[in-house]
Amino acid sequence: MRKTALITGAAGGIGRSFVRELLKKDLDEIWCIDRAEELLAGFTEEFGDKIIPMAVDLSSLDDLQRLRRITEEKKPEIRYLVNCAGMADFLPSVKFSDKRLFQTVAVNCTAPIVLSNICIPFMTCGSHIINMASIGAFTPLPYINLYCASKAFLRYYSRALHAELKKKQISVTAVCPGWVDTNMLPRKMNGKEMKYEGMSQPEDVVKKAMRDAESGNDMSVYTLLVKWRHLLCKIMPQKICINLWAKHLAGFFEESSI
């Protein structure tokens with residue numbers, strides 16, 4: 001049995017940082033998963049022979065079942081599952097197409113659950129599931145409400161699954177960073193520059209996530225600022241957080257678009 005890690009969203013900024021960190025571990029293979037082959041072009045040359053690029057559309061049940069068949073055929077010893085792929089849009093809810101709504105929920109919520117169920121039978125004592133949630137999991141926020149709701153779902157799922165798998169000594173960690181400097185964040189909206197307080201670098205978030213996962217923690221919260229925001233979300237009425245965020249973002253959208 002080959003010691004294996006799976007990373008979804010491997011071509012993104014956080015995904016690549018996970019690849020670099022996992023290359024330091026005692027692994028035989030790293031399955032680097034993203035939605036299209038061209039996104040993974042050059043991965044083997046960049047990261048070495050341990051890399052197995054895999055094009056998988058996580059919003060497609062057929063593609064997920066294809067990945068299940070590959071896993072059941074190869075029977076790897078899965079040491080890490082990193083559910084890093086995600087979708088996020090700064091939009092009023094009514095502006096989402098039905099297809100985009102479906103894809104967002106499928107990638108952010110359904111895929112991590114299906115992949116966990118695929119991988120857990122091949123995990124042993126000391127294996128880890130790492131799910132990329134967000135500071136947005138702590139409170140509902142207008143204009144990114146679908147993203148926050150999906151990350152809250154993933155955080156709840158991760159912490160409950162962690163308790164379920166405790167006897168098997170398999171940890172599940174929900175990673176909840178603040179703003180991370182990746183291509184997922186829009187730099188401008190409607191011609192106005194976006195500013196993100198307390199921006200973190202992907203490699204710092206990933207190193208903290210790996211430490212927390214290997215320490216058996218069910219959550220990883222990076223930076224004191226995000227920890228402070230987490231505390232505020234616990235003690236402040238959610239309506240206050242919602243209204244403050246709505247006022248902050250309302251100026252980026254025309255009234256006619258809401």
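Colleague: How do you know that the span of helix 4 (residues 98-119) agrees with its 22 residues?

Modeller: The expected span is 1.5 Å times one less than the number of residues. For helix 4 that should be 32 Å, and its end C-alpha atoms are 30 Å apart, which agrees. Helices here are DSSP runs of H or I with at least four residues, strands are runs of E with at least two, and both are numbered from the N terminus. This is a predicted model, in which local features need pLDDT of at least 70. Residues are numbered from 1 along each chain as its sequence is written.

Colleague: Where is the kink in helix 4 centred?

Modeller: The kink is centred on alanine 106 and is about 40 degrees. The bend is the angle between axes fitted to the seven residues ending at a residue and the seven starting there.

Colleague: Why are helix 4 and helix 5 called roughly parallel?

Modeller: Their axes cross at roughly 10 degrees and come within 10 Å. Angles under 35 degrees count as roughly parallel, so helix 4 and helix 5 are roughly parallel to each other. The contact (heavy atoms within 4.5 Å) includes Leu101 and Val105 of helix 4 and Phe153 and Leu161 of helix 5.

Colleague: What makes strand 3 (51-55) and strand 9 (219-220) edges?

Modeller: Seven strands form an open sheet in the order 3-2-1-4-5-6-9, with parallel pairing. Strands pair if DSSP finds at least two bridges between them. Strand 3 and strand 9 each have a single partner strand, so one side of each is left without a neighbour in the sheet.

How values were computed
Predicted model: local features only at pLDDT ≥ 70, side-chain atom pairs only at ≥ 80, totals over all residues. Heavy atoms only, no water. Axes fitted to C-alpha atoms, helices over the stretch in contact; angles between N-to-C directions. Parallel < 35°, antiparallel > 145°, perpendicular 65-115°, else oblique.
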